[in-house]
Amino acid sequence: MNAQQCCFTAAARSPAAPATEVPAGLVLRGLGVSYGSKAVVRDIDLAPLPTGCVVAMVGANGAGKSSTLRALAGLNPMSGQALLDGDDLAALDPATRARRVAYMPQSLPQASSLTVYESVLSAVRTACPQLGTAVVHQRIETVLGDLGLRDLAMRPLLALSGGQRQMAGLAQLLVREPRLLLLDEPTSALDLRWQLCLMEALRRHVAGRQALCLMAVHDLNLAARFCSDMLVMAQGRLIARGAPGRILTPDLLRRAYGIAARVETCSLGTPLVIAERAFDPE
Amino acid sequence: MIAAQNAGMTLAERYAACVRRRVAVLSALLLALGLIFLADLATGPSGLPWQTVWQGVLDPQHLDVGTRVILWDVRLPYAVMAVLVGAALGLAGAQMQTVLNNPLASPFTLGLSAAATVGASLALITGFSAWGLGQSIALPLCAFGGAAVGALLIHLLALRWGASVNSVVLFGIALMFSFEALLWLLQYVADNALQQIVFWSMGSLGRSTWPRIGVLAVVVLVCALWTQSQAWAMTALRSGEDHARSCGVAVERLRLVSLIRVCLLSGTALAFVGTIGFVGLVGPHMARLALGEDHRFFLPASALAGALMLSCASILSKVLVPGVVLPIGIVTALVGVPVFMLLVVRHQKGLRE
């Protein structure tokens with residue numbers, strides 16, 4: 001609890017802090033990712049991410065969203081700097097990184113004969129081995145309750161639907177209570193109901209713990225509804241950042257996706273993107 | 001009714017009940033193994049009565065020489081060896097299926113057994129004695145070496161293209177055929193050691209001796225404890241490779257270390273009893289059905305299931321043809337193939353559902 005309050009105050013204080021002090025949160029300086037000699041992400045600079053809200057990362061296929069997330073999670077090597085609360089992520093050993101950064105892959109958790117409870121337990125036991133048994137079970141109780149998985153807790157993953165399995169994957173992520181959450185298209189395999197459940201649960205968790213959360217997503221309208229901050233990537237570079245209502249324009253969509261699109265405001269007050277026509281590739 | 005009962009319980013309590021159930025199943029497996037082991041001791045061509053067997057085990061001094069030889073130099077070593085080899089193969093298959101993320105992986109199906117046989121055959125033909133340590137050490141050492149070559153090839157393939165892909169299994173099958181061809185070549189060239197090499201291709205408990213049992217027991221014990229210490233990492237790996245990596249599991253290292261253990265276990269077992277197929281494949285599947293995949297339970301259960309299977313096979317090898325002890329490898333293959341087919345059919349059905 002203390003540690004969490006600490007982070008909270010540090011994060012709250014950071015805008016007023018002198019420029020020499022390392023800011024809390026996630027800061028990227030010249031981040032790059034290459035596979036062999038091929039650079040897929042280049043020169044990403046990012047002022048601190050806001051805490052307590054889900055930040056969307058959008059862009060066409062191959063724009064470098066997944067590569068950026070994987071690099072931050074330590075699954076791919078990266079160049080440049082990624083600072084989490086002042087610590088260079090590349091310099092952290094895997095155990096420390098696993099405690100502070102959690103990543104949810106794009107694919108659903110594998111359909112094994114592990115029960116939901118066991119799969120969540122194994123995630124917290126490997127990522128946070130320092131926790132006592134009572135704390136571990138308390139955390140699982142809370143997370144599965146929050147995600148509406150209580151009744152499925154003793155069912156094997158292979159007996160669940162795709163949506164339920166993805167929620168179990170989210171439980172494996174949230175139970176670790178990481179400072180930084182990285183999610184790669186968590187809603188792409190889900191129907192509308194599960195999309196809503198997952199986003200609501202994620203937003204609650206991130207707001208409740210004042211965590212940092214970066215989520216790659218294809219559905220611009222979903223992103224516009226649930227995220228107050230958005231990063232737009234194209235060809236490995238960050239081309240826009242800001243509130244969806246401010247940055248989503250037909251011109252940006254043309255540059256990011258190569259489409260002609262209309263941007264309207266829906267009755268909820270959030271922007272609504274309607275794709276109209278795809279331009280021929282140049 | 002059950003839902004109403006569950007509603008009043010915390011999840012931790014329900015999980016504790018689930019753990020108690022798993023421990024109970026594990027104990028039942030252990031008990032069954034004990035009983036089958038005794039039954040294995042009591043069967044044989046010489047037809048000793050139960051009471052004699054029981055007394056002879058507890059109190060060997062008061063036996064006549066003939067009975068003592070049958071009991072202590074034939075039946076007990078056979079029975080103990082069956083348990084140890086079964087446990088070794090079950091444990092090897094279990095971790096192989098997990099780290100390669102493939103339900104069809106086992107030392108036999110991926111060609112490690114064939115590779116180990118080539119290693120052991122080379123030891124026989126060249127008369128390698130492990131610098132004076134004798135055959136009980138030299139054979140498993142060379143079998144391990146052979147298996148390690150095969151495992152290294154599989155590891156490199158998994159490193160390059162990922163573990164779960166079917167190409168690992170296809171590659172393993174290709175590996176099996178290549179090493180078998182090598183083996184035929186060795187058999188063709190070597191006439192003096194031919195009989196011993198042929199013995200391996202069948203798999204038999206016929207050469208069980210106490211020193212060999214000692215070596216295998218140490219290998220099984222060390223590997224079992226070593227594997228158990230990585231049980232959480234393996235369980236996390238069951239939810240996916242990237243997920244496990246993000247949890248701080250060094251997946252490549254875990255896979256390499258597990259394959260080394262698989263080579264140790266299957267190489268040592270093979271050096272003493274020859275190729276025994278399907279136990280390493282089917283044992284883990286039985287364990288998975290009975291206990292799920294929390295590796296704290298799944299690993300020991302796979303070892304127990306393997307031991308149980310091979311002890312049953314040992315009994316069958318003695319009673320199928322009265323008066324004759326068949327090579328046990330023939331029995332496991334005859335019983336194992338239908339079970340294997342059943343698994344494949346179930347797997348296909350599981351994919352369609």
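**Strands and the chain interface**

Modeller: In chain A, strand 3 (residues 54–59) and strand 8 run parallel and are joined by four bridges, where helices (H or I, at least four residues) and strands (E, at least two) are DSSP runs numbered from the N terminus, and two strands pair if DSSP finds at least two bridges between them. This is a predicted model, in which local features need pLDDT of at least 70 and side-chain atom pairs count only at pLDDT 80 or more, while totals for chains, interfaces and linings use all residues. Residues are numbered from 1 along each chain as its sequence is written, chains are lettered from A and ligands numbered from 1 in the order in which they are written, and side-chain values use heavy atoms, with hydrogens and water left out.

Colleague: Which residue in strand 8 of chain A is the bridge partner of Val54(A)?

Modeller: The two strands concerned, strand 3 and strand 8 of chain A, run parallel. Within strand 8 of chain A, Val54(A) has as its bridge partner Cys213(A).

Colleague: How many bridges join strand 7 of chain A to strand 8 of chain A?

Modeller: Strand 7 (residues 180–184) of chain A also runs parallel to strand 8 of chain A, and one of the pairings sets Leu180(A) against Leu212(A). The number of bridges joining strand 7 to strand 8 is five.

Colleague: How many of the residues of strand 8 of chain A are buried?

Modeller: Buried here means under 20% relative accessible area, with exposed over 50% and partly exposed in between (1.4 Å probe, protein chains only). In a regular strand the side chains alternate between the two faces of the sheet. Leu212(A), Leu214(A) and Ala216(A) point one way from strand 8 of chain A, whereas Cys213(A) and Met215(A) point the other way, and all are buried. Strand 8 (residues 212–216) of chain A is therefore largely enclosed by the rest of the structure, the buried count being five of the five.

Colleague: Which residue of chain A forms a salt bridge with Arg22(B)?

Modeller: Contact (heavy atoms within 4.5 Å) links 31 residues of chain A with 27 residues of chain B. Across this interface the rule finds two salt bridges, each a side-chain nitrogen of Lys or Arg within 4 Å of a carboxyl oxygen of Asp or Glu. In one of them the closest N and O atoms are 2.1 Å apart, and the partner of Arg22(B) is Glu118(A).

Colleague: Which element gives the largest share of the side of chain A that touches chain B?

Modeller: The elements giving two or more residues to that side include helix 3 (94–100) and helix 5 (133–146) of chain A. The largest share, nine residues, comes from helix 4 of chain A.
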